[in-house]
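Subject: The model, and some notes on it

Hi,

Here is the structure I promised to pass along. Please open it next to these notes when you have a moment.

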Amino acid sequence: MLVVAVDAPHFTIVDVNDAYLTATLTTRDDLVGRGLFEAMPDNPEDTGATGVTNLRASIERAIATGRPDRMPVQKYDIPHPGGGFEERCWEPVNTPAFGEGGEVAAVIHHVIDATDRVRSDEALRRLNETLESQVAARTAERDRSWQLAQELLVVAAPDGTLEAVNPIWTELLGWSAAELIGSLFIAYTHPDDAEATLAAFADIFERPLVTPYEYRFRHKDGSYRWFAWTGTFENGRVYASGRHITVEREQAEALRQSQKMEAVGQLTGGLAHDFNNLLAGISGSLELMQARIQQGRLNDVERYMAAAQGAAKRAAALTHRLLAFSRRQTLDPKPTDVNRLVVGMQEMIQRTVGPGIPVEVVGMSGLWPALVDAPQLENALLNLCINARDAMPEGGRITVETANKWLDDRAARALDMPEGQYLSLCVTDTGSGMSAEVISRVFEPFFTTKPIGEGTGLGLSMIYGFAKQSGGQVRIYSEVGQGTTVCLYLPRHYGETVDEVEEAKILELSRSEQGEAVLIVDDEPTVRMLVADILNELGFTAIEVGDSAAGLRVLQSDVRIDLLITDVGLPGGMNGRQMADAARVTRPDLRVLFITGYAENAVVGNGHLAPGMEVLTKPFAIETMAARIRSMIEAVREARLRG
């Protein structure tokens, strides 16, 4: 600080402290006795300097008012003794000092050096301006990306409410931002995709959705578009991106259809060849049988008969393979002990794969039963073991393992199955393994990695079809060079298994009781003839009709009917199941045997038939049909005795 006299305009310096001398690079002799503004002038090089003017005005206000006058921060250049100026920033306060008579005798000029603070503030201001410009640039860049992105971008609340969408939504889906914001995304989701989509959305809160999830989103015109979504949950919001893949899916589907049609063409050619060979064997054998009978040469008839029967059985096996692949075979599921089934097949599997590949069975103790068509499961297991053998041309090991599996919601979704209790049947080999690309295609019909002529490409498709039709699933776990595990998952059956010995026992019944009658409904005259002959051999009265309308008329009459044998696919306005259900209105205890040669499995109940109903698949052996008729008629007799 320093003290100046009130001798305006000079304001002579009368005293000064050491701090002021240090700050201004001066001595006491340089300042005391000189006018304030003579000793501390403005920088002549700074044409805009206002330090002297502002200081003079403040001192004059302090003298005039008799009160301290605080000045804002002033830029004031300090002269260097050797020449030049140093820029400083001061915060001055001019305080009047009074004499004995109360007049202002002097002014105390008190200064705080604010140079460092002002420079820091200026540096901070420049930094803030730089940061603001960077943020503005990045925000503008982000906004441009948001505006120009060709993918759907969305910000959503945790409950799925849309909070922000980019402009491409309008172009791809027709909805304006105003229509979308505030609504739930699930409201636009295809109903068939809703459950899985909500599950995928829920998973985002636990981990980012990195693998694209595909589902259909509704366009404003009511149609649907496919999008592949990725997303994450951060700071209380879901951020997601959806890529439009409708065209990709259509092209992929068109390619699959093209490949399928090409494969179907190859298949039909192969089928025509195989069936023509089989038909040639059957028709040729029948013609030769007829000729030998006419000639009286009966010794050769047995040989031709065996040839015809063998060809017919091979034809039936071929159709069963095709129906299994298309998931349209007629299954006859029964409660099955899968451990017992596997152990019973171990010796046959070992003989099939050869002595160089040991087969180990690891059966879980306390394995749940499964409701499954046991012969079809045996066929699937044998095929899996043959595939395992083929993957180990230089030898290896096959392990067949069973286990109980309790799948929660997440595990079930991963396997594309309902949650619940399942048992697994897994076949593991130590062979060459498969790549991810091959695994993605192994269940496709006609796809095979085997050389031409060594594989049809139907094996795993048939197993997949059987598993799905049984209410289960099949999955493959494999790496190249690390072997392969194929697992069948089958729903648990709550109940006891069927005793195979009792099931296989053929009932030996007495001849038909007086008046027992069986109605045969089939549009194929040959089938009706064969069944009628079987019934006549057993002593039953056979009533034959060719369509469902005629069959229902008989069933609604007073004619005695102890058993109905009917095809499922019938002319006459009703299928066999509908006709049987209509007949049971007036004949509630009617026993029904469905015979079917095609895919009416869903019609007859997918193996879950009403009590008193059974199913038999065409073509059937005469002995099998006779045994089934005996068992069902015996059930009628027992019910009659109990009643």
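Predicted model: local features only at pLDDT ≥ 70, side-chain atom pairs only at ≥ 80, totals over all residues.

Residues are numbered from 1 along each chain as its sequence is written, and side-chain values use heavy atoms, with hydrogens and water left out.

**Overall**

The protein has 21 helices and 23 strands (DSSP runs numbered from the N terminus: H or I of at least four residues for helices, E of at least two for strands). Of its 643 residues, 40% are buried, meaning under 20% relative accessible area with a 1.4 Å probe, counting protein chains only. Taking contacts (heavy atoms within 4.5 Å) between residues at least 6 apart in sequence, 59% join residues at least 24 apart.

**A five-stranded sheet**

An open sheet of 5 strands runs in the order β13-β15-β16-β18-β17, with mixed pairing; two strands pair if DSSP finds at least two bridges between them. At its edges are β13 (359-362) and β17 (473-478), each pairing on one side only. From one strand to the next, the twist averages 20°. (Axes are lines fitted to C-alpha atoms, for helices over the stretch in contact, and angles run from 0 to 180 degrees between N-to-C directions.)

Within this sheet, β15 (residues 398-407) and β16 (residues 420-429) are antiparallel and joined by 10 bridges; W406 sits opposite Q421 of β16. Helix α12 (residues 374-390) packs on the sheet and touches β15, β16 and β18 (484-491), its direction making about 35° with that of β16. Helix α11 (residues 338-353) lies across β13, β15 and β16, at about 175° to β13.

Strand β1 (residues 2-5) runs antiparallel to β6 (residues 104-113), with 4 bridges between them, and V4 faces V107 of β6. Strand β1 is also antiparallel to β2 (residues 13-16), through 3 bridges; there, V3 has D15 as its bridge partner.

Best wishes

Technical notes: Buried < 20%, exposed > 50% of the residue type's maximum accessible area, 1.4 Å probe, protein only.
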